[in-house]
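Open the model in your viewer and keep the selection tool at hand. The tour goes stop by stop, saying what to select and what is there.

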Amino acid sequence: MGFIDSIKAQAKTCKKTIVLPEVDDMRTIEAAVKILNEDFAHLVLLGEKEEICAKAKSELSHLPTEALQKATFLTLKDTALLDELITLLVKLRGHKGVDSTKAKELLLNDSLYFGAALVKIGKADGMVAGATRATSDVLRAGLQVVGTALDSKLVSSFFIMVVPDCDYGLNGTLVFSDCGLCQNPNAEELAHIAISSAKSFESITHNEPFVAMLSHSTYGSAKHPDIDKVVEATKIAKQLAPQFKIDGELQLDAAIVPSVGASKAKGSNVAGKANVLIFPDLDAGNIGYKLVQRFAKAEAYGPITQGMAAPINDLSRGCSADDIVGVVALSALQAK
């Protein structure tokens with residue numbers, strides 16, 4: 001069983017409800033058809049039922065689109081929930097000048113806020129969007145409406161990378177973080193990203209995380225303030241989460257290649273077997289995951305948020321329908 005198939009199987013045992021707000025995009029509709037046919041999650045689609053079903057029947061003739069009948073359809077203008085959502089938004093954003101008029105306008109004109117509000121009031125367990133909207137739009141709606149988890153110090157993100165014919169990580173499966181949200185984390189923030197990513201890897205794969213704090217240096221082979229940040233972050237992460245194997249600073253080859261790890265980082269309990277890679281900043285992380293995705297033809301699921309009160313997960317605007325299916329499965333598992 002492949003990685004994403006195992007995630008779907010786990011999600012099927014709990015059948016969580018996920019909002020898909022971007023029904024104007026054909027990839028979202030195709031993903032919804034596949035999800036409902038595989039029956040591992042309930043879906044809320046923000047749009048007109050007749051219009052969406054007709055579009056699916058016309059453009060997805062190769063798929064059994066009848067499954068769309070199992071979705072819950074809500075329109076932004078006609079839902080009985082609107083008054084409740086307006087009240088919620090005023091309560092959450094009133095200190096920022098959002099009154100009932102502004103709240104109504106926001107909900108009726110931005111499906112991301114409508115979807116996030118449904119999650120906040122418990123009508124859904126999570127939301128997946130970003131096929132047509134920027135990451136900043138998706139995460140802004142999530143942070144402003146759903147908010148952070150009570151035990152969270154920082155909201156960050158990760159990608160699950162599944163590399164074909166690869167022995168590195170967990171049989172080619174690795175967590176890359178942060179590749180989508182935190183621009184230039186300081187040492188403390190980087191430590192919290194590492195700890196959250198270790199927890200995410202463990203909860204999703206049910207395997208022990210081996211966390212590498214990446215740098216262009218291994219164990220002091222170079223000197224630079226950027227390296228100092230990674231060294232300090234490693235110390236903080238080890239102090240805060242001694243239950244996890246976290247080590248650094250490590251170059252990428254020392255982190256994942258056993259022979260290189262043994263040579264460059266003798267005595268490390270992570271070097272040569274890392275399955276969680278923590279990048280020092282967003283430039284490195286974003287470039288790194290896209291290199292692996294394109295050159296190694298890896299499946300890249302994410303960015304998946306960690307640290308929010310409920311799963312609000314983003315998609316690349318270059319995503320496929322199958323990418324959306326995978327992120328919905330991961331979101332349903334997070335909600336479990």
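With which side chain does the side chain of Ser 177 make a polar contact? Select Ser 177 and look for Ser 197: the two side chains make a polar contact at 3.0 Å. Keep in mind that this is a predicted model.

**Stop 1: Ser 177**

Stay on Ser 177. It lies in strand β6, residues 173-177. Its side chain also reaches the backbone oxygen of Ser 157, at 2.7 Å. Ser 177 counts as buried, because its relative accessibility is 0% and the cut-off for buried is under 20%. Now show its surroundings, leaving aside neighbours within four places in sequence. Ser 177 is in contact with Ser 157, Phe 158, Ile 193, Ser 197, Leu 277, Ile 278, Phe 279 and Gln 306.

**Stop 2: Ser 217**

Select Ser 217 next. It sits in the loop between β7 (210-214) and α9 (225-240). Is Ser 217 buried or exposed? Ser 217 is buried, with a relative accessible area of 0%. Display the backbone of Ser 221. Its nitrogen lies 3.2 Å from a polar atom of the Ser 217 side chain. Beyond four places in sequence, the contacts of Ser 217 are Ala 222, Ile 227, Glu 249, Leu 250 and Gln 251.

**Stop 3: Ala 124**

Move to Ala 124, in the loop between α6 (111-120) and β4 (126-129). Ala 124 counts as buried, at 5% relative accessibility. With neighbours within four places set aside, Ala 124 is in contact with Thr 17, Val 19, Leu 118 and Val 119. How far apart are Ala 124 and Ala 310 in space, C-alpha to C-alpha? The distance is 9.6 Å, while 186 residues separate Ala 124 from Ala 310 in sequence.

**Stop 4: the salt bridges**

Side chains of opposite charge can pair when their charged atoms come close. How many salt bridges does a search of the whole structure find? It finds 11. Visit three of them.

Start with Glu 38 and Lys 8. Their closest N and O atoms are 3.0 Å apart. This pair links distant parts of the chain: Glu 38 belongs to helix α2 (residues 26-38) and Lys 8 to helix α1 (residues 3-12), 30 residues apart. Colour by accessibility here. Glu 38 is partly exposed at 33% relative accessible area, whereas Lys 8 is buried at 14%.

Go on to Lys 264 and Asp 253. These side chains meet in a salt bridge, 3.4 Å from N to O. Lys 264 is partly exposed, with a relative accessible area of 35%. Asp 253 also counts as partly exposed, at 29% relative accessibility.

Now take in a group. Within it, pick Arg 140 and Asp 137, whose closest N and O atoms are 3.2 Å apart. Both lie in helix α7 (residues 135-146), three residues apart, or about one turn of the helix. Arg 140 counts as partly exposed at 37% relative accessibility, and so does Asp 137 at 22%.

**Stop 5**

Zoom out and colour by domain. Domain 1 takes in 3-147 + 310-334, and domain 2 is 156-296. Their C-alpha centres lie 31 Å apart. Eight residues from domain 1 and nine residues from domain 2 make the contact.

What area is buried between domain 1 and domain 2? The figure is about 660 Å², and carbon and sulfur atoms give 72% of it. Zero salt bridges are found across this interface. One residue pair is in polar contact between the domains, with both residues at pLDDT 80 or more.

Finish on the side of domain 1 that touches domain 2. Select α1, α7 and α13 (321-335): each supplies at least two residues of that side. The residues there divide into five nonpolar, three polar and no charged.

Key
Residues numbered from 1 in each chain as written. Predicted model: local features only at pLDDT ≥ 70, side-chain atom pairs only at ≥ 80, totals over all residues. Heavy atoms only, no water. Salt bridge = Lys/Arg side-chain N within 4 Å of Asp/Glu carboxyl O. Helix = DSSP H or I, 4+ residues; strand = E, 2+ residues; numbered from the N terminus. Buried < 20%, exposed > 50% of the residue type's maximum accessible area, 1.4 Å probe, protein only. Domains from an automatic or database assignment. Contact = heavy atoms within 4.5 Å. Buried area = accessible area lost by both parts, 1.4 Å probe. Polar contact = N/O pair within 3.5 Å; in protein donor to acceptor, adjacent residues only side chain to side chain. Nonpolar A, V, L, I, M, F, W, Y, C, P; charged D, E, K, R; others polar.
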